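These are my notebook entries on a protein structure that I examined on screen. I recorded what I looked up, one topic to an entry.

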Amino acid sequence: MSLYKDEAIVLRTMRLGEADRIVTFFGRANGKIRAVAKGVRKTKSRFGGRMEPFSQVSLVLWQGRSGLDTVTQVEVIEPFRGVREDLERFAMGQVMLEAVDRVVQEKEPTPRLYTMLTDALHSLSSTKSPLVVGGFLLRLSGMAGFAPSLDRCAECGSQASWFSPPQGGAVCDRCRAIDAEEVGSGMLQLLNDLMIQGAWMETDKETTGIAVRLARFYAEYHLERRLKSAAAADVLVVEQ
Ligand SMILES: [Zn+2]
């Protein structure tokens, strides 16, 4: 048992009894951290509003034996108030936090993903474009080991105009499965730019809507599958 420090984003919080909370953090050095914040819900708490979702904080934690650590000190680095206090941005930011929560493991450092999330939250503070979320989800899928092919057919490498998450992204007319969706090569190009360069481009509302829907569809399909296979692996370990 010992004290340790980390810099983290608050992913979610849960009530624990009258005054405490269990906070799930995404730490730069420690991956997912679940910790008890004592007295956080008292009005004069020294933690006050510092542990709301999206807050980027500097933490000192006490590592307990139970797998549930205890927050002993917290300082706000960046509250991301602009994301938290705007309904649309909050909803978009929430999609990113939930996706990260699914991917990040406890005590597994993923500093690149940490930087990617803080960058995306900064972007979301200065724009309301849902493309920020679309680009983030495509990159996250890549980091989790499911990088989509978007500039050519995932099966044969030729020009593509269809989209199929189970097949790995873009697919051509010959390779497409029955449930692939025809999206056009321009949309695939947009998704590819989003993944590689980020959400700098301006598109009309309809195009933006389709791009974000496809990115979410792709990320949800693969992250869900990954979760299920991780759960299956746990079952196997228990049975042995
Ligand atoms: Zn093909």
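**Entry 1: the nonpolar core.** I note at the outset that the model is predicted. I looked up the largest nonpolar core, which holds 60 residues. The members that touch the most other members are Phe 25, Phe 26, Val 100, Leu 191, Ala 211 and Ala 215.

**Entry 2: Leu 191.** Setting aside neighbours within four places in sequence, I found Leu 191 in contact with Leu 138, Leu 150, Ala 211, Leu 214 and Ala 215.

**Entry 3: helices α4 and α5.** I looked up how helix α4 (residues 131–143) meets helix α5 (residues 185–197). Their axes come within 8 Å and cross at roughly 75°. I therefore describe α4 as roughly perpendicular to α5, since angles of 65 to 115 degrees count as such. On the α4 side, the contact is made by Leu 131, Gly 134, Gly 135, Leu 138, Arg 139 and Gly 142. On the α5 side, I listed Leu 191, Leu 194 and Met 195. The residues of this contact divide into five nonpolar, three polar and one charged.

**Entry 4: helices α3 and α4.** Are these two helices roughly parallel or antiparallel to each other? I found that helix α3 (residues 111–126) packs with α4 at an angle of about 175°, with the axes 10 Å apart. The two are therefore roughly antiparallel, as angles over 145 degrees count that way. From α3, the residues Arg 112, Leu 113, Met 116, Ala 120, Ser 123 and Leu 124 meet Val 132, Phe 136, Arg 139 and Met 143 of α4. I recorded the division of this contact as seven nonpolar, one polar and two charged.

**Entry 5: Val 23.** Last, I looked up Val 23, which is found in strand β2 (residues 20–27). Is Val 23 buried or exposed? I counted it as buried because it has 28 C-beta neighbours inside 10 Å, and 20 or more are required. Not counting residues up to four places away in sequence, Val 23 touches Val 10, Thr 13, Ala 35, Ala 37, Met 51 and Val 71. I also looked up Glu 85, 62 residues from Val 23 along the chain; their C-alpha atoms are separated by 20 Å.

Notes: Residues numbered from 1 in each chain as written. Predicted model: local features only at pLDDT ≥ 70, side-chain atom pairs only at ≥ 80, totals over all residues. Axes fitted to C-alpha atoms, helices over the stretch in contact; angles between N-to-C directions. Helix = DSSP H or I, 4+ residues; strand = E, 2+ residues; numbered from the N terminus. Parallel < 35°, antiparallel > 145°, perpendicular 65-115°, else oblique. Contact = placed C-beta atoms within 7 Å. Nonpolar A, V, L, I, M, F, W, Y, C, P; charged D, E, K, R; others polar. Core = buried A, V, L, I, M, F, W, Y, C linked by C-beta atoms within 7 Å. Buried ≥ 20, exposed ≤ 12 C-beta atoms within 10 Å, placed from the backbone.
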